[in-house]
Amino acid sequence: MADLELLTQYLARNVKHWRAVRGFTLDVLAARAGVSRGMLIQIEQARTNPSIGTVVKIGDALGVSITTLLDHEQGTKVRIVPAEDAVRLWHTDAGSYSRLLAGTEAPGPVELWEWKLMPGESSTSEPHPAGTVELLHVTSGELTLTVDDTEYRVPAGASATFDANSPHTYGNQGAVPATLVLAVSVPPVS
């Protein structure tokens, strides 16, 4: 079975599972996530491959990480994620990408990402739930981080942290690729 088909099946199983754990109906989850009930039905029946934005919205609404929604194993206390199992969720033809390296659910979702941004490219993120914090470290090049329409330059070797409950963009305005490691911590659903 192709990787995409497996991810679609894992997503279907895990969205159903976490919706049941939270006691959410399809209508409640649709309203919390800002996606249609029909889209949720298609996801839970493994009939669609939703955008990363949709998966993020569903994860945020359920209070779980993308890692948890795409996980094929559940319940292990120690989880080793081989490099080849890291999930590439966003990419461009020029070579920019983001890879979800690992994640956990305690006390709320925490995700670890690897990003590569080619010169002139950027990726915008919608606001996350209040209390979400992002922490990043630039390993090469220079990141242009825009939060609430204010640009911040983060050179190689520097780190940054910010409240991610407002629109933010990761960009590369330099002449060489920029790489970074990013952690996202989302508060538990109350």
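This is a predicted model: local features need pLDDT of at least 70, side-chain atom pairs count only at pLDDT 80 or more; totals for chains, interfaces and linings use all residues.

Student: Which strands do E114 and R99 sit in?

Tutor: E114 is in strand β3 (residues 110–117) and R99 in strand β2 (residues 97–104), so the pair links distant parts of the chain, 15 residues apart.

Student: And how many salt bridges are there by that rule?

Tutor: The count is four. One of them joins the side chains of R19 and E44, at 2.6 Å from N to O. R19 belongs to helix α1 (residues 3–22) and E44 to helix α3 (residues 37–44), 25 residues apart.

Student: Are R19 and E44 buried or exposed?

Tutor: R19 is buried, and E44 is buried too.

Student: What about D27, which residue does it form a salt bridge with?

Tutor: R37, with the closest N and O atoms 3.0 Å apart. D27 lies in helix α2 (residues 26–33) and R37 in helix α3, so the bridge ties together parts ten residues apart in sequence.

Student: Switching topic: what does UniProt annotate at residues 15–69?

Tutor: The unreviewed entry gives "domain: HTH cro/C1-type" for that span. Residues 15–69 are 71% helix and 0% strand, and their end C-alpha atoms lie 6 Å apart.

Student: Last one: where's A86, and why is it called buried?

Tutor: A86 is in the loop between α5 (66–70) and β1 (87–91). It's called buried because its relative accessible area is 15%, and the cut-off is under 20%.

Terms used: Residues are numbered from 1 along each chain as its sequence is written. Side-chain values use heavy atoms; hydrogens and water are left out. UniProt positions are given in the numbering used here, feature names are shortened, and annotations may be inferred rather than shown by experiment. Helices (H or I, at least four residues) and strands (E, at least two) are DSSP runs, numbered from the N terminus. Buried means under 20% relative accessible area, exposed over 50%, partly exposed in between (1.4 Å probe, protein chains only).
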